[in-house]
Amino acid sequence: MKTIFSPLHSRRHVKTELDGGLLIEPHEKPSRAETILARVKDQALGEVLPPEEFGLEPIKRVHTADYVAFLETCWDEWVAEGKPGEAIPAVWAGRGMRHRLPKDIDGRLGYYSFAAETSISDGTFEAACASANVALTAQRLVANGERAAFALCRPPGHHAHADLFGGYCFFNNAAIAAQAFRDQGYGRVAILDVDFHHGNGTQAIFYNRNDVLTISLHGDPDLVFPHFLGFEDETGEADGEGYNLNIVYPPNTPYSIWSQGLETACQRIAEFKPDALVIALGVDTFEEDPISFFKLTSDDYLTLGQRLEQLGLPTVFTMEGGYDVDAIGVNAVNVMQGFEGKT
Ligand SMILES: NCCCCCC(=O)NO
Ligand SMILES: [Zn+2]
């Protein structure tokens, strides 16, 4: 299987993440991507290719032009205001307030985000664009005949809405790849999000559409991020009614239970008969993940890959979460190797 990787991921190098009232070293750190890349090479998974450059148009098929423009300029705006630290949103339109775009950079950060853990600094926009190009290059390979391709995306994307960043995400790489399939004539596309956290951005982007089926297995939002979306009664709206499926699990869920949800998801996908499949691959479902609470083992990712291959679909994997950096390479590449038949 080919892997797409961009060294420009390292332009995303923030030093802070707001967590527990402290500014900590971000969980979403550059070594995540480097560790996965090392494992890809160690296992001779396949060729490693740089991304092609697609420009902003495919990104704007999913994200609003004003949001893209904001991400491009927000760091410079922040610096121009003389702010001493990294750009962190700290104010939002609460209940009864107005969702209008202010002029001030603090207001603009809040308008275009939904959470405060995701700092911005120089290079964030460049890295986010490169990550989208990684996903688009994997999609192009699959559209050109590869059975599957691994988009080693960093920063991740599945929390990003059309005009919101958060959860370490800026551009929704999985949604951008899915929309590219649709724009190239693939009539139906399924996105399966197996990250520990709900793919709230992906759900929101396609929520009223029936041409892209969105499914997410994740930790109970009553207990974990993103807290305010991802419940099982969210099934889509308007034309999209019935084309969103959330499968929620409690703390300490092992693969033996989690895989029942995977089976439900796979059956729904088979019913939908998509022409292509995008897997939003987070491995923060791992038993040792520092910010999550499922109990999947490294071998379970081999089994997961095997099951996904049985869907028989052209498949793009977009890398999402996973924060046990020692294990992330084995866990992510195990999915690809399982997909290719390794037991
Ligand atoms: N406290 C912030 C948690 C952000 C979760 C990021 C993630 O892994 N999403 O998949
Ligand atoms: Zn996650």
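Along the chain, the donors of the zinc ion (ligand 2) follow the spacing D-x1-H-x86-D. The structure is a predicted model. The protein donors are Asp195 (OD), His197 (ND1) and Asp284 (OD). They lie 1.9 to 2.1 Å from the zinc ion (ligand 2).

Where do Asp195 and Asp284 sit in the chain? Asp195 belongs to the loop between β6 (189-193) and α7 (200-206). Asp284 belongs to the loop between β10 (276-281) and β11 (294-295). The pair therefore ties together parts that are 89 residues apart in sequence. Both Asp195 and Asp284 are buried. The site of the zinc ion (ligand 2) has 6 donor atoms, with angles of 30 to 159 degrees among them. Its geometry is irregular.

| Helix pair | Crossing angle | Axes |
|---|---|---|
| α9 (residues 298-309) and α10 | roughly 35 degrees | come within 6 Å |
| α5 (residues 124-143) and α6 (residues 173-183) | about 35 degrees | 9 Å apart |

Take α9 and α10. Their crossing is right-handed. On the α9 side, the residues that meet α10 include Ser298, Asp299, Tyr301 and Leu302.

Now take α5 and α6. This crossing is right-handed. From α5 come Ser131, Ala132, Ala135, Leu136, Gln139, Val142 and Ala143. They meet Asn173, Ile176, Ala177, Ala180 and Phe181 in α6. By class, the contact of α5 with α6 has 9 nonpolar and 3 polar residues. It has no charged residues.

**Asn334, a residue of α10**

Asn334 is found in helix α10 (residues 325-339). Is Asn334 buried or exposed? It is buried, with a relative accessible area of 4%. The cut-off for buried is under 20%. Leaving aside neighbours within four places in sequence, Asn334 is in contact with Arg39, Ser298, Asp299, Tyr301 and Leu302.

**Phe317, a residue of β12**

Phe317 is in strand β12 (residues 315-319). Its relative accessible area is 0%, so Phe317 counts as buried. Which residues does Phe317 contact, leaving aside its neighbours within four places in sequence? The list is Met1, Ala148, Ala149, Phe150, Ala151, Ile279, Leu308, Val335, Met336 and Phe339. Consider Ala149. Phe317 and Ala149 are 168 residues apart along the chain. Yet their C-alpha atoms are separated by 6.3 Å.

**Val91, a loop residue**

Val91 is in the loop between α3 (65-80) and α4 (105-111). How does Val91 stand in accessibility, and what is its relative accessible area? Val91 is partly exposed, at 41%. Leaving aside neighbours within four places in sequence, Val91 is in contact with Asp106 and Gly110. Val91 and Tyr111 are 20 residues apart in sequence. In space they are 8.3 Å apart, C-alpha to C-alpha.

How values were computed. Residues are numbered from 1 along each chain as its sequence is written. Chains are lettered from A and ligands numbered from 1 in the order in which they are written. This is a predicted model: local features need pLDDT of at least 70, side-chain atom pairs count only at pLDDT 80 or more; totals for chains, interfaces and linings use all residues. Side-chain values use heavy atoms; hydrogens and water are left out. Donors are N, O and S atoms within 2.8 Å of the metal (3.2 Å for Na, K and Ca); water is not among the atoms, so sites may look incomplete. Four donors count as tetrahedral if all angles lie between 85 and 135 degrees; four count as square planar and six as octahedral if opposite donors are over 155 degrees apart and all others between 65 and 115; anything else is irregular. Helices (H or I, at least four residues) and strands (E, at least two) are DSSP runs, numbered from the N terminus. Buried means under 20% relative accessible area, exposed over 50%, partly exposed in between (1.4 Å probe, protein chains only). Contact means heavy atoms within 4.5 Å. Axes are lines fitted to C-alpha atoms, for helices over the stretch in contact, and angles run from 0 to 180 degrees between N-to-C directions. A crossing is left-handed if the near helix is turned anticlockwise from the far one by less than a right angle, and right-handed if clockwise. Ala, Val, Leu, Ile, Met, Phe, Trp, Tyr, Cys and Pro count as nonpolar, Asp, Glu, Lys and Arg as charged, and the others, Gly among them, as polar.
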